[in-house]
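Biologist: Please take me through this structure. For each label you use, I will ask what rule stands behind it.

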Amino acid sequence: MSRTAAEYTRSPQLPSTHFVDNRVYHDQGIFAEEKEKILSKTWRFVLHESEIPEAYDYRTASVADTPLVVARGKDGVIRSFVNSCSHRGAAVLRRPAGNLRAWQCMYHLWTYDPTTGECVSRPRPEAFDAVGLRQDACGLREVRTGLIYGLVFVNLDEDCMPLEEYIGDSMFLQREMIDTVEMEVIDFFELNLKCNWKNWMETNMDLYHEFMHVANRRTSLQIPEYYSRNWHTFPNGHFTVDRYSVEYDKYPGWENRDDSLALPGMKEDEFQITDVFPDLTFLTRGTVVRIDNQIPLTPTETLVQYRALGIKGEPEENRMRRIRDYHSIWGPFGRNLPEDCLGVTLQREAIYGGRVPYTYWCREEDNLSQDDIAARTWWKEWSRLMRRDQSQPFGPVLPEAAE
Amino acid sequence: MTVDRDRISGLIYDSCALLDEERFDDYIALCTPEFTYRITAYSEELRKPMEWMFQTRDNFLELLKAVETHEVAIAHMRRVASMIRIGAAANGVVPVRSTVTVYHTWYDGDTRLFAVGTYKDQVTTGGGTPLLASREVVLDTRRLASGSHIPI
Ligand code: FES
Ligand SMILES: [Fe+2]
């Protein structure tokens, strides 16, 4: 039976943890508040250390609208600074990556030290000195930076908890494959998706959506073990799901995988997912790790970054097979990624107009694969930090988040 | 050996149109048995070249034919080859470079630029009929608005 307007708009008769008021996806005020309370207060993945292997290497990033440069100093230490000139604000580093011994702003040639962020020269400085703007007060802002398992994170909040404490044990299934041998980013691209950042994050915590993927229908969803994996949830909104073995030869043109290129702790045909709040996902298929992280631009537009990790220094032939495994499914021309894009696009089309009030995260099956426990864990952390219940975000303010 | 420039240009245009029309058997018929297909791009972020797809002829056809089993975007792709530059033939192979621009027109009629790049082709001219011996699609565009089941 179809629903009347009253039936449709009333709050679902479900526990409040089990559904979402869709305004959280498109409301401007909520988005602004997320930037303050979540995106600039949590540890945010910015790059893998292999992207800046040498002294003076740098890579730009963007966190909660803050332009950043992440650099390896002459002492080998990775630091992050706000990538904006202290003079008139121009971005100092203009390329996404490079190696420079001095950072000179192209506008009026102020220059900065990549190791310390200090301002080291200003053309004709006397006129600044005349008003007391000293050079040593013109350094770049440094941002807290942490390194764990080769992954570089930043946190704009100087009072944040240590990165190790934030991650906790959440990467216990992920750690061995990325932190046993030296790893390297072997592919990078971005999608500019016309969707809210949380909708993309949700595709990475929702295994029920895998029915949409023809490749998964053929290679995974017929396997009983697919459905009997456990989700493990952790403090700070992280979670991970057990692995299972994919039957690759069930898809036309694909072959089953031997274990010759398996990452440490994995079999080549195994698949495993770890999600780190708020926007980071590791998806590992035996030979290659995919890392998604997000740069929310507006409530309805998100830049998603996709990295592939392989083994550093391996023979070219092995490298190429890893890359081909990765792209066959997860590249822009792979079998699955276009379908994930389609899913979030259709949500945007229908929901963001504001007339579709609620959506569900209400599947319960003992925390197994297609239980929505992952999404509920994520939303619980969102609600705690926002002090808004995702089921009624404009209802009563929740008590202050416990430290 | 004289190279028939019109026929080579025709081959490049046909390769665009047949993929646009999703006539995959006819597209593959433009290729030699040893045909290889790649999509590549240079990553400014990683400061190294990337390969986003590699296919041999038979595998490519299988992949293209499987597209109809997928939930694909209700959209039409238009590949426009231009600036075709035909190089000097060597050992029966002619290098050909063209600019390719790909537009995506969605079901509601909205058209967006999907990507721009270069086709770097090797064309054989033996037997009188030019055929694609290999194609490398070198993409300028690395930040896309969506993925696509059908390549460029
Ligand atoms: S804005 Fe950078 S030197 Fe003036
Ligand atoms: Fe998916």
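Modeller: In this predicted model, the axes of α3(A) and helix α12 (residues 373–386) of chain A come within 9 Å and cross at roughly 90°.

Biologist: Why are α3(A) and α12(A) called roughly perpendicular?

Modeller: An axis is a line fitted to C-alpha atoms, for a helix over the stretch in contact, and the angle runs from 0 to 180 degrees between N-to-C directions. Angles under 35 degrees count as roughly parallel, over 145 as roughly antiparallel, 65 to 115 as roughly perpendicular and the rest as oblique. The crossing is at roughly 90°, and α3(A) and α12(A) are therefore roughly perpendicular.

Biologist: Which residues make the contact between α3(A) and α12(A)?

Modeller: α3(A) brings A:I30, A:E33, A:E34, A:K37 and A:I38, and α12(A) brings A:W382, A:L385 and A:M386. Contact means heavy atoms within 4.5 Å. These residues divide into 5 nonpolar, no polar and 3 charged. Here Ala, Val, Leu, Ile, Met, Phe, Trp, Tyr, Cys and Pro count as nonpolar, Asp, Glu, Lys and Arg as charged, and the others, Gly among them, as polar.

Biologist: What makes the pair A:E33 and A:K37 a salt bridge?

Modeller: The rule asks for a side-chain nitrogen of Lys or Arg within 4 Å of a carboxyl oxygen of Asp or Glu. For A:E33 and A:K37, N to O is 3.1 Å, and the pair counts as a salt bridge. The two residues are 4 apart in helix α3 (residues 28–39) of chain A, and so are separated by about one helical turn.

Biologist: Is A:E33 buried or exposed?

Modeller: Buried means under 20% relative accessible area, exposed over 50%, and partly exposed in between, with a 1.4 Å probe and protein chains only. A:E33 has 17% and is buried, whereas A:K37 has 29% and is partly exposed.

Biologist: How do you know that A:D75 forms a salt bridge with A:R79?

Modeller: The closest N and O atoms of A:D75 and A:R79 are 2.5 Å apart. A:D75 is partly exposed at 43%, and A:R79 is buried at 17%.

Biologist: What does the salt bridge of B:D20 with B:R79 tie together?

Modeller: In this pair the closest N and O atoms are 2.7 Å apart. B:D20 lies in helix α1 (residues 5–20) of chain B and B:R79 in strand β3 (residues 75–86) of chain B, so the bridge ties together parts that are 59 residues apart in sequence. B:D20 is buried at 10%, and B:R79 is buried at 4%. Elsewhere, salt bridges that share partners join A:E184, A:E314, A:R319, A:R322 and B:K48 into one network. Over all chains the structure holds 43 salt bridges.

Biologist: How do you know that β3 (residues 57–63) and β4 (residues 66–72) of chain A pair?

Modeller: Helices (H or I, at least four residues) and strands (E, at least two) are DSSP runs, numbered from the N terminus. Two strands pair if DSSP finds at least two bridges between them. β3(A) and β4(A) have 6 bridges and pair in the antiparallel sense. In this pair, A:V63 stands opposite A:T66.

Biologist: In what order do the 7 strands of the open sheet in chain A stand?

Modeller: The order is β2-β11-β10-β5-β4-β3-β6, with antiparallel pairing. The edge strands are β2 (44–48) and β6 (97–99) of chain A, which pair on one side only. From one strand to the next, the twist averages 30°.

Biologist: What makes β2(A) mostly covered?

Modeller: 5 of the 5 residues of β2(A) are buried. β2(A) pairs with strand β11 (residues 151–155) of chain A in the antiparallel sense over 4 bridges, and A:L47 stands opposite A:V152 there.

Biologist: Why are β13 (231–234) of chain A and β7 (143–144) of chain B said to stand at the edges?

Modeller: Their open sheet has 8 strands in the order β13(A)-β14(A)-β15(A)-β16(A)-β17(A)-β18(A)-β12(A)-β7(B), with mixed pairing. β13(A) and β7(B) each have a single partner strand, so one side of each is left without a neighbour in the sheet. Helix α11 (residues 337–351) of chain A packs on this sheet, touching β12 (183–193), β17 (288–298) and β18 (301–311) of chain A.

Biologist: How do you know whether A:Y326 is buried or exposed?

Modeller: A:Y326, found in helix α10 (residues 316–330) of chain A, has a relative accessible area of 0% and is buried. Leaving aside neighbours within four places in sequence, A:Y326 is in contact with residues including A:D187, A:F189 and A:Y306.

Biologist: Which conventions apply to the numbers and names?

Modeller: Residues are numbered from 1 along each chain as its sequence is written, and chains are lettered from A and ligands numbered from 1 in the order in which they are written. Local features need pLDDT of at least 70, side-chain atom pairs count only at pLDDT 80 or more, totals for chains, interfaces and linings use all residues, and side-chain values use heavy atoms, with hydrogens and water left out.
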